[in-house]
Amino acid sequence: MRGRRALILGTVVVLLILLLDFLSGGGVRGGLRMLESSVWGMMERGAGALAHVGIFKSREALIRENETLRAQLLQMQTETAVSSVLQEENARLRDVARVAAESIGTTARIISSPYASAYGTFLIGAGARDGIQEGDLVLSGEDGFVLGRVASVDTASSLVAAVFAPGHSTQASIHGADVSVTGWGASGRASVSRDVPVVEEDVVRSFDYENRVIGTVASVQSHPASAEQEVFIALPFSLTKTPFVYVVHSL
Amino acid sequence: MWYIRYKRAIFVCIALAGIFVGPWWITPFAMLLLALRFQAWEVPCIGLCADVLWGAHGFLPLYTLFGLILTWVFEPLRERLLL
């Protein structure tokens, strides 16, 4: 009986919070999003430190080293790691700057897991105070591929709805043929007439995203009995390896 | 009884970890297991957390609806078969 009372109470509280969030125009969300960015940031920093410091390297080899050498080695490894991380980050920022030269906007860091949301959304570390608005285009820093649009804006962070969010439909063009691409999470899928000579790595542009590139053809499946071929479209890189994005401000 | 509470807490932690670091299917799966085994008020709350974090204003709160459906649909089944 006590469990049932807790269940009813939990349900009522959940419904009240949902109602409050709806009436306040999404006001409840900010705190949890800050927590998410902290958790993700801690995980990234922890993973980076483990990878670069070398805690999981051969234990026997470390035992053989004397204390002084070990300390020196650790220091050198840390310095080298920091240097290589900075070099990598510098190269990425240079790529972002190249994209930024073509349009006015803001560079931001991805501050959440890009694949944790069933809605195909992720968080970036720029918000209303950086001039971000709902509907702004979000591009990958390195190649200028469209990643999505800003769906909601907080003070210091924004939620981005990805191009390939599950169930989301986008009008696109492959080899001059107009197609409707349906999102499947990390990739999109479109039915294209067999007359269109689609091959892997063909570029896919979308009218819904200012005729920019939304991905490349990852694979093509056709069946002799069908007049159409199934085309799978994806980004040619992993979002987890793209720390920076470029948000194009709407005019 | 302590091990039952322990299991319940583990399921809740897995569901919460799924919300924050993904992949996305971990949370609904943990919610399903929780709702099947326990009379868990945590299930709709976990759904609400996921919706508040990942859904934009105006999105249909699918995780919360899933949590509420799981909680109340499995209630008679749990009463008859499991508890």
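Chain A has four helices and twelve strands, helices (H or I, at least four residues) and strands (E, at least two) being DSSP runs numbered from the N terminus. The model is predicted: local features need pLDDT of at least 70, side-chain atom pairs count only at pLDDT 80 or more, and totals for chains, interfaces and linings use all residues. Residues are numbered from 1 along each chain as its sequence is written, chains are lettered from A and ligands numbered from 1 in the order in which they are written, and side-chain values use heavy atoms, with hydrogens and water left out.

Of the 251 residues of chain A, 39% count as buried. Buried means under 20% relative accessible area, exposed over 50%, and partly exposed in between (1.4 Å probe, protein chains only). Among contacts in chain A with a separation of 6 or more, 58% join residues 24 or more positions apart. Contact here means heavy atoms within 4.5 Å.

A:Tyr209 illustrates the interior of this chain. A:Tyr209 sits in the loop between strand 9 (203-206) and strand 10 (212-222) of chain A. Its relative accessible area is 4%, so A:Tyr209 is buried. Beyond its neighbours within four places in sequence, A:Tyr209 contacts A:Leu137, A:Val146, A:Gly148, A:Arg149, A:Val163, A:His168, A:Thr170 and A:Ile214. A:Val138 is 71 residues away from A:Tyr209 in sequence, yet their C-alpha atoms are 9.7 Å apart.

The contact between the chains was examined next. Chain A contributes 37 residues and chain B contributes 33 residues. About 2900 Å² is buried between chain A and chain B, with carbon and sulfur atoms giving 74%. This buried area is the accessible area (1.4 Å probe) that two parts lose on being put together, summed over both. Eight residue pairs are in polar contact between chain A and chain B, both residues at pLDDT 80 or more. Helix 1 (2-23), helix 2 (29-53), strand 2 (121-124) and strand 4 (146-153) of chain A each supply at least two residues of the side that touches chain B. Helix 1 of chain A gives the largest share, 13 residues.

In chain B, helix 3 (residues 42-54) has 13 residues. From first C-alpha to last, helix 3 of chain B reaches 18 Å, close to the 18 Å expected at 1.5 Å a residue; the expected span is 1.5 Å times one less than the number of residues. Eleven of the 13 residues are buried, so helix 3 of chain B is largely enclosed by the rest of the structure. Among them are B:Val43, B:Ile46, B:Leu48 and B:Trp54.

Conventions:
A polar contact is a pair of N or O atoms within 3.5 Å; within protein, one must be able to donate a hydrogen and the other to accept it, and residues adjacent in sequence count only if both atoms are side-chain atoms.
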